[in-house]
Amino acid sequence: MIRFDLTGQVAVVTGGSSGIGLATAELFLQAGASVAICGRDAARLERAERGLRDGFPAAQLLVARCDVLDAIDVSAFASAVQARFGRTDMLVNNAGQGRISTFADTSDEAWRDELELKYFSIIRPTRAFLPMLRAAASGNASIVCVNSLLALQPELHMVATSSARAGVLSLIKSLASELAPERIRVNSILIGIVESGQWRRRHEADEQAQAAGQSWDDWARELARKKNIPLGRFGRPEEAAQALFYLATALSSYTTGSHIDVSGGVARHV
Ligand code: NDP
């Protein structure tokens, strides 16, 4: 295992109370960074905080309730990080979820909601944390966004999410170009299916699976087979987190405006 020391650096992870965000927060803490996470649901945040403090008793950890779509919440979150840690070196824009709908059943309002979520979950935190990233003394200021392979390979049953993901890929490229002269790197990961809170909820909401008493493991295995995932399984949150960690830290110091595919081989393009 490569040991990478981030003592003195500060990592901010939006949507850090579950799934990929929580696994990413753990990696940063393991490496000695101070970490701030946010989410909307207080009980979920409390559970995450308890787990992180149990695992890392000496952790420099800030846990805040913040909806990344709420400008006031986001600016209060950035102020809390500034007050507690005085800096931000790495921002991971992870908060969000996907929307399952075809063109036929996506209303105007649903389109607006989805576009707002995908764009503003990046725009708001980026804007709020930029002053601290600009001032980061570590020489490793970076932003990493969790994006989806849908950006390059749309799915009919996730039409709004796919379309928004493609736009966000362009936004990330533009941000990378605009911020490169300031030595702030901007990258993303393109994930396929990663087992996490949202997939657990989909299993629970699958009436057929529940009626048949199909366990989570069996349900996930069957879906991976149906979706022809070459590696034969869903990804694990820590696998997405490792790619985020690489792109956030100086391990990828000469990489910007780029992305890593973490999809188990689902991408069809060369
Ligand atoms: P989880 O549901 O496990 O985690 C999502 C996290 O984001 C939670 O902490 C949630 O907390 C938080 N969150 C959601 N909306 C907001 C919001 N508006 N403001 C602040 N926090 C928010 O799912 P994942 O770990 O899978 O999701 C992480 C990211 O990966 C998401 O952006 C998702 O769209 C993306 N993704 C995931 C895929 C997968 O297969 N898992 C596939 C493609 C993309 P709370 O709800 O309490 O706010």
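1. Charged patches here join like charges within 9 Å, drawn from residues with over 30% relative accessible area and no salt bridge. The model is predicted. On its surface, D108, E109, D113 and E116 form a negative patch.

2. D113, one of the patch residues, sits in helix 4, which spans residues 108-134. Its relative accessibility is 37%. D113 is therefore partly exposed, since that class runs between the 20% and 50% limits.

3. I122 belongs to helix 4 as well. Is I122 buried or exposed? I122 is buried, because its relative accessible area is 4%, and the limit for buried is under 20%.

4. How many disulfides does the model contain? The count is 0. A disulfide needs two cysteine sulfur atoms within 2.5 Å.

5. Take C38. The closest cysteine sulfur to its own is in C66, 4.1 Å away, so the pair is too far apart for a bond. C38 is buried, with a relative accessibility of 1%.

6. C145 counts as buried because its relative accessibility is 1%.

Note on methods: Residues numbered from 1 in each chain as written. Predicted model: local features only at pLDDT ≥ 70, side-chain atom pairs only at ≥ 80, totals over all residues. Heavy atoms only, no water. Patch = residues over 30% accessible without salt bridge, like charges linked within 9 Å, V, L, I, M, F, W, Y side chains within 5 Å. Areas by Shrake-Rupley, 256 points an atom, 1.4 Å probe, with all protein chains shown as cover. Salt bridge = Lys/Arg side-chain N within 4 Å of Asp/Glu carboxyl O. Lys, Arg positive; Asp, Glu negative; His and termini not counted. Charge placed at Lys NZ, Arg CZ, Asp CG, Glu CD. Helix = DSSP H or I, 4+ residues; strand = E, 2+ residues; numbered from the N terminus. Buried < 20%, exposed > 50% of the residue type's maximum accessible area, 1.4 Å probe, protein only.
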